[in-house]
Each structure stands twice: as C-alpha cells, then as structure tokens.
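Hi there,

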Amino acid sequence: MTDTATESLAVTPAIAADGTGGVDSAAVDAGGWLDLLQPAHLATTLMLSMGVALFAFNGFFVSTVLPSAIAEIGGGHLIAWSVSLYLIGSIIAGVTAAQLKQRFGARLVLVVATLLFIAGTIVAAMATSMEQVLLGRVGQGLGEGVVAAICYALIPALFPARLVPKVFGVEALVWTCASFGGPFAAGWMAESFSWRMAFLINVPLGLLFILLALFTATRRERVFEGSSIPVSPLVLLSLGMLMVLSSGVVGQAPISAALVLLGLALLGFSVVKDRASASSLMPHSAFGFHSTVGTGLWLVLLMPVAQATSSVYFVFGLQHGFGFGPMAAGGLGAVMAMSWSLVAVLIAHIGAGSARRRAIEAGPALQCGGMILVALGFHQGSLALLIAGQVVVGAAFGASWAFLSQMLMEASAAEERDKTSGLIPTLQSAGFAIGAAFAGLAGNSLGLAETSGNETTNSAFAATFLIPVLWTVPAVLLARRSTRLAREVSRLSA
C-alpha cells in the first residue's frame with residue numbers, strides 16, 4: 001500500500017479468527033493502555049484524539065455561542081440551519097472520504113480538509129450576518145466530515161487489532177470531555193471575550209491537528225480500481241438529508257412528515273443507485289441482510305436514530321418537567337456520555353471473541369431497557385429512573401460500539417475497508433439527524449412545543465421517549481444476525 005518508512009505504519013491487520021477482533025480463547029494478549037503511549041503509537045493516538053475533539057467540540061459549543069451571535073448580527077429565524085447545514089456538509093463529505101483517501105492519500109486529504117474547516121471557522125467568526133455564519137458552518141461541516149471519516153479509516157491501518165478497542169475507549173473519553181468542556185468553554189469565551197473568539201479557538205486546534213497529521217498519516221496509497229466519486233448517489237443523498245433536516249424547520253406537522261418520508265425515500269434510492277455504481281460511495285453489501293457488513297451498518301444507523309430523542313428532549317424535559325436550570329440540566333444530560341466512556345474503558349481489555357460478540361449483542365438490548373427507564377422516569381416524575389436510564393443507554397454504546405466498529409472494519413474486503421471504516425461516523429451523524437427529525441415530529445404532535453410543566457407534559461415526554469424503543473427492536477435482531485454471520489465466516493475460513 002505504501003512505499004516510505006512513514007507509510008510502513010499503514011499495515012492492515014489480519015482479520016481476527018472470529019470476525020470480531022478477538023479469538024475464542026481465554027488467554028489473549030489484548031495489549032495494555034500504556035502501549036498507546038509508546039513511540040510507535042503516541043503521535044497517532046494524539047492525532048486521532050484531536051480529530052475526534054474537533055468534531056465533538058463543535059457538536060456541543062455552537063448552541064452555546066449562537067444566541068450571543070444573534071444578539072449582535074440578528075438572524076434568529078435561521079438558527080436551526082446552523083446545525084442542519086453543518087450535518088449535511090459533514091455527511092456528504094464523510095461518504096466521499098474513502099475515495100479521496102485512496103486517490104490522494106490520507107495526509108494530503110486531512111490537511112486540505114482541516115484547512116477547509118479552518119476557513120469555515122474564520123468565515124463564521126468574521127460574519128456580519130447569519131447567512132455568513134451558515135456559510136462558515138457548511139465549510140466546517142465539509143472539513144470535519146472528511147477528518148472524522150479518515151480518522152476512523154486510519155484506526156485499523158495504524159494500530160494492531162489488539163489495541164483497537166482501547167483506541168475507541170480513548171475516543172469515548174475525548175467525546176465525554178468535549179460534551180462537558182465544550183459548552184462551558186464556549187460560554188466562558190463568549191462572556192469573557194466575544195462569540196467570535198469562541199469560534200476562533202478552532203484555528204489553533206486545527207493547526208495542531210495538521211501538524212500531527214503531517215507526521216503520522218500516510219502520503220500515498222495504492223489507488224483501487226474505480227475510485228472516482230459517483231455523482232448521482234451523492235446528489236440523492238444530499239437532497240434526502242436536506243429534506244429530512246428541513247422537516248424540523250417547518251411548523252406544520254403534515255408538511256414535516258411528508259418531508260421526512262420523501263427524504264428517507266431519496267436516501268434509500270441513493271443506496272440502491274450507489275450499489276449499482278462501478279465506483280460506489282459505500283461498501284457494495286451496505287444495508288444488505290446477508291453479510292456482517294450489511295447488517296452491522298444497519299446497527300450503526302439504528303442505535304443513533306433511537307438515541308437522538310434524548311439528544312433533542314432530555315435536557316429540555318429536565319428543565320420543563322422537573323424545573324432544572326440550564327447548567328444543572330446540561331450536567332445531567334452528560335451522564336450518558338460519562339457512562340459510555342466508563343464502560344468503553346472498562347471492557348476494552350476483553351480479547352475473547354465470544355465475549356466481544358456478547359457485548360455487541362448487548363448494546364441494543366441495553367439501549368431498549370434504558371429508553372424504557374427514561375420514559376418511566378418522565379411518566380412517574382422520578383429523577384432516579386431518568387438517571388438510571390441514561391446510565392444504561394450510555395453503557396449500551398460503551399459495551400458495543402468499539403467491538404462493532406472493529407468487527408465491521410475487519411469483515412470488509414481490503415479494497416472496501418476504508419469505505420466501511422469511514423462510513424461509521426458518517427452513519428452515526430446521519431442516524432442522529434434522522435432520529436432528531438422523528439423526535440421532532442413526535443414531540444410536536446404530543447404538544448411538547450407548548451410545555452407547562454404539568455402532568456400532561458410529563459406524559460407527553462414519556463410517550464416521546466417510548467416511541468424510539470421501536471427502533472431498538474430491529475437493532476437487537478440485527479446485532480444477533482451480524483455476529484452470527486461473522487462467526488460463520490470465520491469458521492469457514494479457519
């Protein structure tokens with residue numbers, strides 16, 4: 001794949017004996033945490049952590065600083081688009097990252113993408129109107145979508161399989177720190193300096209990431225046949241996401257529902273069109289039901305779809321149903337991320353393939369139970385149940401996400417591994433966007449837009465959180481099928 005000493009790190013690990021990144025043996029050298037700090041891995045670990053930090057920080061801080069920006073430059077009616085356009089940009093860029101990486105090499109693509117992100121940051125920070133802020137957010141999304149996807153694609157290339165779960169554990173810790181520190185840091189900078197300075201903090205962070213990428217990422221790779229970017233699936237994907245995300249801006253429920261349905265139809269058509277392309281954006285088995293990759297990618301999508309309701313309404317519900325202030329509600333809202341990180345760190349040492357399969361299967365089952373606890377908490381007015389539900393949902397992702405991601409990476413054919421790896425964070429973002437649209441439809445239909453903090457409101461919150469449980473049921477079935485298919489393939493190849 002590479003021809004220089006620096007590029008010698010980019011060695012794809014052999015597919016594990018069980019298809020889940022482990023072996024069916026109790027005695028497994030899973031590698032220690034300190035291995036990530038060894039000279040061979042330290043710079044790479046820092047680079048990947050910085051890439052995740054940029055993505056996570058910008059996911060949390062914008063909602064904190066935009067009210068200050070609106071107070072100065074106006075455009076409050078466009079505030080929802082600041083998130084929607086960022087997500088559209090990141091999703092579109094994410095699905096093209098594999099082709100860009102294979103054609104130009106990870107190093108060049110990461111540098112250019114980060115420069116685009118920095119340019120978008122500067123445009124937003126210097127804006128005199130909300131339209132200019134939105135333009136900057138598009139640039140940020142396009143840059144960060146590529147960075148996140150390639151960082152995922154580099155994990156199986158730059159780390160031995162025994163360390164991959166620990167890399168995901170580190171990323172979960174970084175995400176938790178961003179979920180806590182992002183809003184606080186952005187708020188402090190907006191109050192102490194200005195909202196423009198809060199945006200500009202991304203510039204030195206981006207430059208540091210570029211420096212790390214220059215020392216760690218590969219420069220040139222073998223260009224697989226047909227690595228051009230297909231246009232029609234990308235256009236359909238863009239239009240589909242635009243319609244889904246637009247549904248949250250439209251006030252009338254029937255129009256919102258129609259936009260969601262039409263958007264999902266276009267997304268499905270884009271997958272069909274992409275599968276027929278000689279040069280595809282996604283693995284050719286994506287969203288099929290007869291392969292580990294196909295069923296596993298469904299799982300990557302469905303779990304965030306279900307989780308998105310918490311992202312939209314949990315903090316809102318604590319404020320309107322329990323009377324919490326913004327800071328206290330935000331702190332409790334971060335419990336899920338804390339649980340995710342803690343569980344991911346605690347189980348990262350697991351090496352036996354059977355235990356990893358059980359962890360993958362446990363993920364959607366735990367999520368189902370956690371969402372039910374949250375719904376009961378709102379219905380009964382029990383803060384203890386709410387927190388318990390958030391902890392269980394976090395444990396669901398912490399237990400399954402690293403092993404699921406590694407299983408998908410290693411189950412892919414060599415020429416499609418970059419596509420599969422890069423698609424994981426992209427699908428995660430798409431899942432949250434689709435789930436947020438469903439949550440908005442449900443919440444608006446149940447009257448959450450006009451809350452009054454009474455028993456009717458708590459019942460509406462409970463019903464809103466019960467609806468996404470429906471998405472966890474197929475996820476439970478798909479998790480079992482995905483691990484079974486992985487086990488069968490490994491037995492045939494043994």
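Helices here are DSSP runs of H or I with at least four residues, strands are runs of E with at least two, and both are numbered from the N terminus.

Two notes on where the values come from. This is a predicted model, in which local features need pLDDT of at least 70 and side-chain atom pairs count only at pLDDT 80 or more, while totals for chains, interfaces and linings use all residues. Residues are numbered from 1 along each chain as its sequence is written, and side-chain values use heavy atoms, with hydrogens and water left out.

**The whole chain**

The protein chain has 17 helices and zero strands. Of its 494 residues, 57% are buried, where buried means under 20% relative accessible area, exposed means over 50%, and partly exposed is in between (1.4 Å probe, protein chains only). The accessible surface comes to about 19100 Å², computed by the Shrake-Rupley method with a 1.4 Å probe, and for residues only the protein chains shown count as cover. Carbon and sulfur atoms hold 70% of that surface. Among contacts (heavy atoms within 4.5 Å) with a separation of 6 or more, 82% join residues 24 or more positions apart.

**How the helices pack**

Two packed helices are described by the angle between their axes and the distance between the axes. The axes are lines fitted to C-alpha atoms, for helices over the stretch in contact, and the angles run from 0 to 180 degrees between N-to-C directions.

Let me start with helix α10 (residues 292-321) and helix α13 (residues 353-380), whose axes come within 11 Å and cross at roughly 25 degrees. The two are therefore roughly parallel; angles under 35 degrees count as roughly parallel, over 145 as roughly antiparallel, 65 to 115 as roughly perpendicular and the rest as oblique. The crossing is left-handed, a term used if the near helix is turned anticlockwise from the far one by less than a right angle, with right-handed for clockwise. On the α10 side, the contact includes Leu299, Met303 and Phe314, and on the α13 side it includes Ile360, Pro364 and Met371. By class, the residues of this contact are ten nonpolar, five polar and no charged. Here Ala, Val, Leu, Ile, Met, Phe, Trp, Tyr, Cys and Pro count as nonpolar, Asp, Glu, Lys and Arg as charged, and the others, Gly among them, as polar.

α13 also packs on helix α14 (residues 383-411), at an angle of about 160 degrees and with the axes 7 Å apart. That makes this pair roughly antiparallel. The crossing of α13 and α14 is left-handed, and their contact has 20 nonpolar, nine polar and one charged residues.

α14 in turn packs on helix α15 (residues 417-445), with an angle of about 150 degrees and axes 8 Å apart. This crossing is right-handed. Trp401, Ser405, Leu408, Met409 and Glu410 of α14 meet Arg417, Thr420, Ser421, Ile424 and Gln428 of α15, which gives four nonpolar, four polar and two charged residues.

**Some residues to look at**

Back to the loop between α13 and α14. Apart from neighbours within four places in sequence, Ser382 is in contact with Phe322 and Gly377. Ser382 and Phe322 are 60 residues apart along the chain, with 9.2 Å between their C-alpha atoms. Gly381 lies in that loop too and is partly exposed, at 41% relative accessibility. The C-alpha atoms of Gly381 and Asn458 are 7.2 Å apart, across 77 residues of chain.

Beyond its neighbours within four places in sequence, Ser90 is in contact with Phe55, Gly141, Leu142 and Gly145. Val138 is 48 residues from Ser90 in sequence and 8.2 Å away in space, C-alpha to C-alpha.

Last comes a backbone detail. Most residues other than glycine have a negative phi. Phe287, though not a glycine, has a positive phi of about 65 degrees. Phe287 is found in the loop between α9 (253-275) and α10, and is buried at 12% relative accessible area.

Best wishes
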